[in-house]
Amino acid sequence: MAVKGKSADHQWVDDHAGPVVRPYAVTGGRARPVTGTFDLISLVTATRRDVSPEPGLGPEHLAIVGLCQRMQSVAEIAAHLDLPVGTVRVLLGDLVARNLVQIREPHRAVGVSDHSIFEAVIHGLRAL
Amino acid sequence: MDYGHSERPSEAAILPTAIKILVAGGFGAGKTTLVGAVSETRPLRTEEVLTESGVGIDDISGVEAKRTTTVAMDFGRITISDDLVLYLFGTPGQDRFWFVWDELALGAIGAVVLADTRRLADCFPSIDYFEERDTPFLVAVNCFEGARQYRLDEVQAALNLDPEVPVLLCDARRRESAKEVLISLVEHALKLREARRRVG
């Protein structure tokens with residue numbers, strides 16, 4: 001019985017727990033950003049060339065600033081840093097709160113009356 | 001270095017807008033292949049860690065009591081112009097990850113449902129999903145070597161599709177073919193919008 005209880009306690013520390021622990025360690029246990037929602041295709045650009053380490057900013061924050069010298073989507077940041085999207089959102093919230101990055105929200109096709117974007121996509125794809 | 005200017009704030013004015021197209025279909029239907037065929041770079045992979053319920057992930061206390069899982073999405077990027085970037089997202093194939101799709105589908109201009117005629121039923125869930133949400137979509141039949149070729153009307157009938165849903169053949173490995181699929185989708189989405197605007 002005692003053995004069973006013990007194994008239940010430790011059940012989460014199996015192979016499947018691997019990806020869970022590190023991402024939340026990176027965010028200090030936080031699962032939600034302090035600000036912003038960050039769509040997968042929100043575009044992120046750094047507002048500065050580089051940032052010196054300061055309290056509250058970890059290496060992952062600095063890595064995002066470095067990466068976003070060239071504009072990147074939230075999904076691209078997550079892929080390049082090999083972090084889950086949820087983790088990247090938390091880190092981006094910290095950076096937005098410090099004005100270290102600026103965010104461009106994606107176009108919402110729903111409810112938009114002009115068709116110019118659709119036509120631009122069609123022409124752009126033809127020209128590829 | 002390709003970013004020689006230091007006056008970053010001025011770039012805000014020319015920050016491009018991003019839009020997305022989904023690529024759905026059953027496991028092994030060629031989603032990542034199609035994304036890779038038209039994207040600028042090889043497909044990237046992004047992951048989301050989810051709890052079993054998949055909702056209310058605002059607190060990780062008690063996470064040890066929940067089963068967690070990682071959902072991977074492959075995606076690619078096509079820079080259309082200086083002010084427009086198109087992202088292609090391959091949707092996770094498993095049914096129980098539809099809550100991820102909800103975020104993916106939000107704001108998507110349309111979806112490509114890739115069908116493999118050897119396992120046609122695999123794309124039923126994708127079709128149901130997009131039909132229910134009024135997301136413009138088309139069905140692209142990926143022509144696998146060795147698979148029996150079906151006529152498009154046979155596929156259309158087998159999938160019980162609305163007659164207005166385009167069905168076309170493609171080879172997801174070929175850039176030109178993948179491009180044609182995307183162009184057809186955006187044309188279809190535009191046509192639907194115009195039709196809806198006339199009605200509404």
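Student: Which residues in α3(A) meet which in α4(A)?

Tutor: This is a predicted model, where local features need pLDDT of at least 70, side-chain atom pairs count only at pLDDT 80 or more, and totals for chains, interfaces and linings use all residues. Residues are numbered from 1 along each chain as its sequence is written, with chains lettered from A and ligands numbered from 1 in the order in which they are written. From α3(A), A:Glu60, A:Ala63, A:Ile64 and A:Leu67 meet A:Ile77, A:His80 and A:Leu81 of α4(A), contact being C-beta atoms, placed from the backbone, within 7 Å.

Student: And by class, what has that contact of α3(A) with α4(A) got?

Tutor: The contact has 5 nonpolar, 1 polar and 1 charged residues; Ala, Val, Leu, Ile, Met, Phe, Trp, Tyr, Cys and Pro count as nonpolar, Asp, Glu, Lys and Arg as charged, and the others, Gly among them, as polar.

Student: At what angle do the axes of α3 and α4 of chain A cross?

Tutor: The axes of α3 (residues 59-67) and α4 (residues 74-81) of chain A cross at roughly 120° and come within 11 Å, with axes fitted to C-alpha atoms over the stretch in contact and angles running from 0 to 180 degrees between N-to-C directions.

Student: New topic: where does A:Thr47 lie?

Tutor: A:Thr47 lies in the loop between β1 (43-46) and α3 of chain A, and its C-alpha atom is separated by 10.0 Å from that of A:Leu95, 48 residues apart along the chain.

Note on methods: Helices (H or I, at least four residues) and strands (E, at least two) are DSSP runs, numbered from the N terminus. Two residues are in contact if their C-beta atoms, placed from the backbone, lie within 7 Å.
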